[in-house]
Amino acid sequence: MTGRDANKKAQLIVQDILTLPRPSARKLIAIAGPPAAGKSTIAAQVKKLLEFKGYPTGFVPMDGFHLGNKELKNRKLMAFKGAPETFDHEGLAATVRRLKLGLTVTIPLFDRKSDRTMPEAATVTEEEKYVVIEGNYLLFDEPEWKGLAAYWDYSVFIEEHVEELTKRLHKRWIDNGFEVAEVLKRTEENDLPNALRVLEKRLPSHRTI
């Protein structure tokens, strides 16, 4: 996705957000979609545009709620990292509830290069009345996840063709230094099944892009 494409989509989202009642209480904005759909790029641009307009905005990537590698190995899930079962959905839900209350909340982040979660790596402050949350499973119609939808003041689902997602996923793993065989294995055996699962089991959103 080009920067121009992301900016156009972000502008549409921000236009919608600013039609919501002025935020005396915190507004939670969910940006969901399959892996490599461009969620993080669009979400970062939404945050930037809101702040340019004078609205302090927090940012919460769902990837920070990956279970640790040791835990994944214990559960024999390391090869499926990124699947719904490899996230701390209870920790994410607890964080969302605290965010909804308008509290200052410390959040974890995920470092892709070192492939690890960094606990308490960032903070959403009370002054940030909008919070943009992005991730694969924020509008996911499975029992452990679908309750999240009740917390979103505004939600967006980012669509993309599977062929384009495949190209982007290949590039992602190549850019992270993996050989072709491993790139194909990770994409075909894990990322694409996760993408199809997200596309097939998505809840309604305020806007689909």
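In which helix does Arg98 lie? Arg98 is a residue of helix 4, where helices (H or I, at least four residues) and strands (E, at least two) are DSSP runs numbered from the N terminus. The coordinates are those of a predicted model, in which local features need pLDDT of at least 70 and side-chain atom pairs count only at pLDDT 80 or more, whereas totals for chains, interfaces and linings use all residues. Residues are numbered from 1 along each chain as its sequence is written, and side-chain values use heavy atoms, with hydrogens and water left out.

The protein contains 6 helices and 7 strands, and its elements follow one another from the N terminus in the order α-β-α-β-α-α-β-β-β-β-α-α-β. The radius of gyration is 17 Å, close to the 17 Å that the globule rule gives for 209 residues, so the protein is as compact as a globular protein of that length; the radius is taken over C-alpha atoms, and the rule is 2.2 Å times the number of residues to the power 0.38. Along the principal axes, the C-alpha atoms of the protein fill a box of roughly 50 × 35 × 30 Å. Of the 209 residues, 46% are buried, a class defined by under 20% relative accessible area, with exposed meaning over 50% and partly exposed in between (1.4 Å probe, protein chains only). Among contacts (heavy atoms within 4.5 Å) between residues at least 6 apart in sequence, 72% join residues at least 24 apart.

The protein exposes about 10800 Å², of which carbon and sulfur atoms supply 51%; accessible areas come from the Shrake-Rupley method with a 1.4 Å probe, and for residues only the protein chains shown count as cover. The mean positions of the 33 positive and 30 negative charges are 3 Å apart. In this count Lys and Arg are positive and Asp and Glu negative, while His and the chain ends are not counted, and each charge is placed at NZ of Lys, CZ of Arg, CG of Asp or CD of Glu.

A search of the whole structure finds 5 aromatic pairs, for which rings of Phe, Tyr and Trp (its six-membered ring) must have centres within 6.5 Å, planes under 30 degrees apart counting as stacked, over 60 as edge-to-face and the rest as tilted. Phe87 and Tyr137 form an edge-to-face pair, with 5.8 Å from centre to centre and 70° between the planes. This pair links distant parts of the chain, since Phe87 belongs to the loop between helix 3 (69-74) and helix 4 (89-100) and Tyr137 to the loop between strand 5 (130-135) and strand 6 (154-157), the two residues being 50 residues apart. Phe87 counts as buried because its relative accessibility is 4%, and Tyr137 counts as buried because its relative accessibility is 0%. Tyr137 also pairs with Trp145 in a tilted arrangement, at 5.5 Å centre to centre and 45° between the planes, and both Tyr137 and Trp145 are buried. Together, Phe87, Tyr137, Phe140 and Trp145 form one aromatic cluster.

Arg98 is partly exposed, with a relative accessible area of 41%. When its neighbours within four places in sequence are left aside, Arg98 is in contact with Arg26, Leu103, Thr104 and Val105, whereas the C-alpha atoms of Arg98 and Thr166, 68 residues apart in sequence, are 36 Å apart in space. Glu51, placed in helix 2 (residues 39-52), is likewise partly exposed, at 37% relative accessibility, and under the exclusion of neighbours within four places in sequence Glu51 is in contact with Pro56 and Thr57.

Asp115 has a phi near 55°, a positive value in a residue other than glycine, and is situated in the loop between strand 3 (105-111) and strand 4 (116-124); at 28% relative accessibility, Asp115 counts as partly exposed. Glu120, which is not a glycine either, has a positive phi of about 50° and is found within strand 4, where Glu120 counts as exposed at 66% relative accessibility. Finally, Asn176 occupies the loop between helix 5 (162-175) and helix 6 (180-200) and is partly exposed, with a relative accessible area of 31%; Asn176 and Ala32 are 144 residues apart in sequence and 23 Å apart in space, C-alpha to C-alpha.
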